[in-house]
Amino acid sequence: MNEVESLRSTATNFVYTRHTCFQMSYIQYFSSQPVRTQIPSLLRDPFANDPHPLAIRASKDLQRRLESRASGGGKMFGVLVVADPSGRLGYLSGFSGMLNKQWSVSGFVPPVFDREQQSSFLPVGEARVNELSAEINSCLQAPDRLLAIESLSALENKKDEALDWIKVQNKSNKKSRQQQRNDIDHGLGEEVIERKLQALASRSQRDKRELLQAKSYWAQRIKFVREQLDSEYEQ
């Protein structure tokens, strides 16, 4: 099997179906046919992020076609290089989901699923999704839940106020201790000076401990309230 026949066999599964005429119309032929040396013998791994030059050519051609269309943005398109039974090369193009609120668009391959079957079960599924969404929204807007969230927010505000007050006091204490260090009379003797410095250092450590203890206290209180909220309303 030569390279053209190999590529042709890849397209055969698509071309020869019970709707041959329609399937053939999906092929967008290259304006100038590639030479034999440009045709790959095997289909490249689509996940290797190393597209064949013909695939790149097809994608650029599709991009030019899309310039005249309003795709709505955020749409994924794909191309597949194929050959028809005569060996003429082109590509198939497709898109994810719907394009401009349509499943089938001229110039693109159609969906692989049965649209009639899909239209029979989709409304039922959408109705159920809407019911669940309404139930979820009702739970989210429950008065008890909103009150619990408000209480948690108020507790967090109290925590911030309490910790901010301690930090302000600690900053003032630190400034005072520095001034006391500067005011130490160095004529008092080394032993007296050392005791004064140790006392100031102890006050500094005490302030740090008080801040850490306050942080731990508020963290435990907020954790307890948040766990209650999660267990009662967020599961």
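**Entry 1: the count.** I started with salt bridges and found eight of them, taking a salt bridge to be a side-chain nitrogen of Lys or Arg within 4 Å of a carboxyl oxygen of Asp or Glu. I kept in mind that this is a predicted model, where local features need pLDDT of at least 70, side-chain atom pairs count only at pLDDT 80 or more, and totals for chains, interfaces and linings use all residues. Residues are numbered from 1 along each chain as its sequence is written, and side-chain values use heavy atoms, with hydrogens and water left out.

**Entry 2: a pair in a helix.** I looked up Arg 128 and found it in a salt bridge with Glu 131, with the closest N and O atoms 3.0 Å apart. Both sit in helix α4 (residues 115–140), three residues apart, so about one helical turn separates them. Helices here are DSSP runs (H or I, at least four residues), numbered from the N terminus. I then checked exposure, where buried means under 20% relative accessible area, exposed over 50%, and partly exposed in between (1.4 Å probe, protein chains only). Arg 128 is partly exposed at 43%, and Glu 131 is partly exposed at 44%.

**Entry 3: neighbours in sequence.** Next I turned to Lys 159 and Asp 160, whose side chains form a salt bridge at 3.4 Å, N to O. Lys 159 is partly exposed at 23%, and Asp 160 is partly exposed at 35%.

Entry 4: Which residue pairs with Asp 207 in a salt bridge? I found Arg 206, with the closest N and O atoms 3.9 Å apart. Asp 207 is buried at 4% relative accessible area, whereas Arg 206 is partly exposed at 39%. Through salt bridges with shared partners, Arg 177, Arg 206 and Asp 207 join into one network.

Definitions and conventions: Helices (H or I, at least four residues) and strands (E, at least two) are DSSP runs, numbered from the N terminus.
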